[in-house]
Amino acid sequence: MDIACDDHLNSIASLFCDSDIDIKAISKSIQDILKAIGEDPEREGLEDTPERVARSYEELLAGYRTDPQKLINGALFDVPYDGMVIVRDIEFYSMCEHHMLPFIGRAHVAYIPQEKIIGLSKIPRIVDMFSRRLQIQEKMTRQIAEFIDAVLKPAGVAVVVEALHMCSMIRGVKKHDSRMTTSTMLGAFRKDMSTRMEFLNNISRGAERLHF
Ligand SMILES: [Zn+2]
């Protein structure tokens, strides 16, 4: 890990900048879980499962260790444009921090530039940085908005996230349609109703229902 902990952007991104994920410790714990549920971790099908799960956590939780500087990597441009920029239907995959089960869905992001714009492909990567962690949807929504606000200092940022939560679809009350929508509005999107409506109307146009 070589991400500077004291950097301003990194502190907004709330990274784990001084530790690597411990694959060995996760494998060992998964082996213990297998034993604890009464399974035989040595049987053929499960032999490699602990390490496989650990490696998948490494990928699913990579957002804690994404370097924001590398992510942005020179993709900020000075462009005299002050209209709304909207990137909608960004697919994301996250893990709820209460059950460590997936929640997946779509994020819609908009901002109104003041001086700078950011390369289009970077917005989904910012969403990834915050979704690939143990999360709660409300917090993730706010983090995406605040990070974009810090990087671009725009006149406003809006983030709407719609997601389906496995933890309520497959356990507990088993509500099959466990869809949740969260939003964070900053700056002009918060203050100006017509700006907010322009964004909300845009993202509702042709929107498909979420499904697994
Ligand atoms: Zn949950």
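**View 1. Lysine 153, a partly exposed residue in a loop.** With 14 C-beta neighbours inside 10 Å, lysine 153 counts as partly exposed (20 or more other C-beta atoms within 10 Å of a residue's own make it buried, 12 or fewer make it exposed, and anything in between is partly exposed; C-beta atoms are placed from the backbone). This is a predicted model, so to speak of local features we need pLDDT of at least 70, and side-chain atom pairs count only at pLDDT 80 or more, while totals for chains, interfaces and linings use all residues. Numbering starts from 1 along each chain, as its sequence is written. Lysine 153 sits in the loop between α6 (137-152) and β6 (156-165). Helices (H or I, at least four residues) and strands (E, at least two) are DSSP runs, numbered from the N terminus. Lysine 153 isn't a glycine, yet its phi is positive, at about 40 degrees.

**View 2. Aspartate 89, in strand β2.** Here's another non-glycine with a positive phi, about 60 degrees this time. Aspartate 89 belongs to strand β2, which covers residues 85-96. It counts as partly exposed because it has 13 C-beta neighbours inside 10 Å.

**View 3. Alanine 163, buried in strand β6.** Look in strand β6 for alanine 163. It has 26 C-beta neighbours inside 10 Å, so it counts as buried. Leaving out residues up to four places away in sequence, alanine 163 touches Phe103, Ile104, Gly105, Gln137 and Met180 (a contact means that the two C-beta atoms, placed from the backbone, lie within 7 Å). Leucine 34 is 129 residues from alanine 163 along the chain, and 30 Å separate their C-alpha atoms.

**View 4. Helix α9 and the glycine that follows.** After α9 comes glycine 206, with a positive phi near 65 degrees.

**View 5. Where domain 1 touches domain 2.** The protein splits into domain 1 (8-64) and domain 2 (75-204), with bounds from an automatic or database domain assignment. Eight residues of domain 1 and twelve residues of domain 2 make the contact. On the domain 1 side, seven are nonpolar, one is polar and none is charged (Ala, Val, Leu, Ile, Met, Phe, Trp, Tyr, Cys and Pro count as nonpolar, Asp, Glu, Lys and Arg as charged, and the others, Gly among them, as polar). Taken over C-alpha atoms, the two domain centres are 27 Å apart.
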